[in-house]
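Look at the structure first, then go through the points below.

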Amino acid sequence: MTSPPTDTGGGAVESDADLSFDFGYAAPDAPPAPTDDDDPLLAGLTEPQREAVTHTEGPVIVVAGPGSGKTRVLTRRVAWLVAREGVAPWRILAITFTNKAADEMRERIAALLGDRDPTRGHSAAGVLVATFHSFCARMLRRYGPPERTPEFTIYDADDQKACMKRVIRARQLDPAQWKPRSVLGAISAAKNAMIDPEQFRSEAIGWRDRQIAELYAGYEEALRDYNALDFDDLLLYFVRLLESRPEVLAELRDRFRYVLVDEYQDTNRPQYRIANLLAGENGNLFVVGDPDQSIYRWRGADLRNILEFERDHPAAREIRLERNYRSSQAILRAAQHLIEHNEQRRPKTLHTENPPGEPLRWLRFRTDEEEAEAIAQEIEQRIEAGTRPSEIAVFYRANALSRRFEEALRKRWIRHVVIGSVPFWQRREVKDVLAFLRLLVNPDDTQALRRVFALTEGVGPATVRRLEELAASAGRSLLAVLLDPDAAARLRGRQRRAIAALRELFETLRALPPAPVRPVLETVLERTGYLEQLRGSDDPQEQARADNVAALLDGAAEFDEREPEGGIRGFLDRAALLSGTDEQAGDEEAVRLMTLHAAKGLEFDEVYIVGFDQRLLPLERDETGCDLEEERRLLYVGITRARHRVTLTSSLLRRTWGQERAAQPSRFLRELPDDVLERAGGAHAAVRGRCAPLTASPQEHDRWDGIDEPPEPPAARRRTRPNAGPVPNRARARLQALLAETRARTATAAEPAVGERVRHPVFGDGQVLRLQGSGPGRRAVIEFDRRGTKTLLLQYARLERLGS
């Protein structure tokens with residue numbers, strides 16, 4: 001009898017033997033199951049959780065509120081299928097979104113089934129637990145993606161950006177006007193919607209869209225030439241594989257009889273297609289998710305996938321997990337009251353048996369500087385009182401808000417970590433060293449070869465251009481020319497010597513076995529002198545880079561120990577598929593600072609949600625329709641990360657773009673119930689003196705709704721010049737009259753309609769896409785024919801209306 005197939009940690013597989021599917025394996029008969037009352041797999045579960053674990057046949061959707069034990073349900077369901085239903089472990093596929101979540105699921109399943117070696121990609125129990133991307137990469141390696149060889153390179157964000165820069169230059173476009181990141185964002189959105197370059201071109205509206213369509217086509221051609229796939233392609237090409245090769249789909253459906261998908265509310269269209277293709281119309285598809293926590297629409301997530309699950313699976317069973325094990329009653333009441341303002345959701349009511357807990361606090365400060373200083377002071381006192389720094393988190397809607405809080409914490413010598421800084425595998429020195437390994441696996445990876453050239457003394461732009469000319473004239477890859485002594489002989493003396501040294505290095509590396517990986521890395525470092533050069537520098541940053549290279553060697557050694565047969569390709573796949581959030585959560589005893597998006601899936605004793613201002617939360621560009629609902633979901637996610645305390649902070653004045661501007665409290669403040677919300681009165685002693693005077697009544701806040709400026713603050717808290725008195729009443733009256741006149745003039749002035757053509761004295765002709773705001777803040781979003789999309793204040797825009 002053959003063994004069940006195994007998986008590498010990162011989804012890479014080294015041989016067909018590793019991927020062989022032993023369909024002839026007969027699972028042992030399930031042992032007699034104990035009664036439900038004494039079954040350890042059901043111990044401690046609520047009735048809905050038990051139903052989710054034991055309802056094994058047919059499609060199931062589990063609507064799982066925050067902190068409701070969904071991971072427990074997923075892992076116990078897997079254990080139930082194997083231990084109680086007699087399902088062969090390798091017939092089960094469990095898919096999630098992050099490597100951290102996949103690792104946790106493997107460990108729990110291994111522990112439940114009595115197998116304590118969860119370090120293999122299949123847990124030791126044989127269940128395949130993977131992220132969407134690692135699973136797709138694994139299958140594409142196995143069956144071969146359309147238009148690529150199985151040795152394809154996975155391009156990360158930096159590789160994509162460098163590739164797009166060359167595509168933009170090749171089309172003689174201005175890089176200042178065509179930012180690679182922006183163009184790649186449009187292409188990613190198209191791929192998430194499964195729109196190819198031809199369809200994009202046919203649906204393009206306006207000159208800019210047509211240019212992006214051409215860049216999209218050029219980018220795809222470059223990826224094809226380099227035998228590379230980006231992250232979106234891993235999903236897209238696997239869908240194409242399943243749809244174009246029915247024998248592969250049949251084989252995988254036969255292999256994976258039970259498909260489980262976590263965080264289903266975050267799936268995009270390709271992920272939705274993958275799950276449904278593998279399960280089939282009447283298959284055992286088990287999805288877990290929460291529409292109220294769908295916060296990645298900007299990344300392609302389609303809320304309809306979970307809202308309309310029964311459309312694709314009419315016989316589906318819905319199970320709701322509504323009991324929360326994490327948060328206090330006050331926190332849950334506030335979150336529930338907030339999210340019920342959304343319409344696009346599946347109804348559920350959170351409840352908990354936890355203590356009532358403290359009410360949420362809303363604190364408003366005079367300035368954003370005082371906001372940061374006061375919160376840092378309170379955090380310091382919390383830590384001194386015994387709270388672990390790692391149990392305190394500061395959330396914000398936009399990364400730009402972190403600076404003040406970083407500075408305030410640093411001033412008090414409070415250890416903190418900003419989640420979202422450059423991940424380990426994205427650091428320059430790590431990517432420099434891995435470029436050599438990438439070329440060993442994929443000789444067509446021109447992107448990696450350019451990086452190697454940049455590191456090689458004597459190989460400058462002129463040498464690279466000459467090699468490219470030789471490669472183009474001979475119809476060969478750049479690496480093939482590099483390895484050809486006759487081609488290199490056409491170069492000049494210094495260039496020839498540098499290329500000869502590189503050729504010798506690659507010949508040495510190619511002679512090494514692909515596993516273990518660490519000796520290959522050590523050879524690269526020894527022959528290039530890369531690590532020695534970093535260590536020899538007096539620059540502290542270079543020393544830090546040397547430490548990162550040493551950590552890379554340690555990581556390779558750990559990979560070799562965990563996956564002896566994984567080899568270079570498995571190691572590179574693991575590196576490419578690891579995400580920043582997987583690496584940065586860590587166990588370091590430090591206060592966490594992060595965006596609300598990065599907070600998903602985490603929990604803390606105490607949470608501060610700062611910048612709780614209108615135009616920041618909800619973010620200004622997301623203040624209508626479905627976007628407003630997503631912003632509300634984002635706040636809901638932030639609030640429900642907390643176990644014990646939630647503090648929301650605003651400021652009267654906030655500095656943006658070098659100017660101090662008046663700010664309103666977030667409109668979401670009115671949607672939080674008064675019985676679980678304290679307004680400044682509950683401030684800690686550390687912040688009470690800094691808070692601006694507040695009204696305890698929501699009625700005053702209601703008066704601000706729809707007004708671009710907050711009411712005039714009392715004279716006692718008005719910012720003035722030193723020794724200056726309050727503004728005289730007559731001057732204030734003239735100012736208010738002028739503001740009223742401006743508002744009236746703006747309101748009555750004719751403005752262009754959506755879809756109308758306009759002309760701007762600087763940007764030229766364009767079309768109005770949408771109108772935003774009111775009064776002096778009324779803005780038009782205009783797509784100009786040759787200058788891209790701009791947002792302009794109507795009262796200053798000097799637009800000439802050209803008609804439809």
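**Salt bridges and a cavity**

Both R645 and E606 are buried (under 20% relative accessible area with a 1.4 Å probe, protein chains only; over 50% is exposed, and in between is partly exposed). This is a predicted model: local features need pLDDT of at least 70, side-chain atom pairs count only at pLDDT 80 or more, and totals for chains, interfaces and linings use all residues. Residues are numbered from 1 along each chain as its sequence is written, and side-chain values use heavy atoms, without hydrogens and water.

**Salt bridges**

- The structure holds 70 salt bridges (a side-chain nitrogen of Lys or Arg within 4 Å of a carboxyl oxygen of Asp or Glu).
- R645 and E606 meet in one of them, at 2.9 Å from N to O.
- K191 pairs with D233, with the closest N and O atoms 2.8 Å apart.
- K191 is buried at 1% relative accessible area, and D233 is buried at 0%.
- E522 bridges to R518, also with 2.8 Å between the closest N and O atoms.
- E522 is partly exposed at 35%, as is R518 at 25%.
- A salt-bridge network links D156, D158, D159, K431, R438 and D445.

**Cavity**

- The lining of the largest cavity has 19 residues (each with an atom within 4 Å of a point on a 1 Å grid over the protein atoms alone, where a 1.4 Å probe fits but cannot get out).
- T153, I154, R438, L572 and A576 lie nearest the centre of this cavity.
- Domain 2 (153–226) and domain 4 (426–569) both give residues to the lining, so the cavity lies between them (bounds come from an automatic or database domain assignment).

How values were computed: 1 Å grid on protein atoms, 1.4 Å probe; cavity = no way out; pocket = protein on both sides within 12 Å on 5 of 7 lines; lining within 4 Å.
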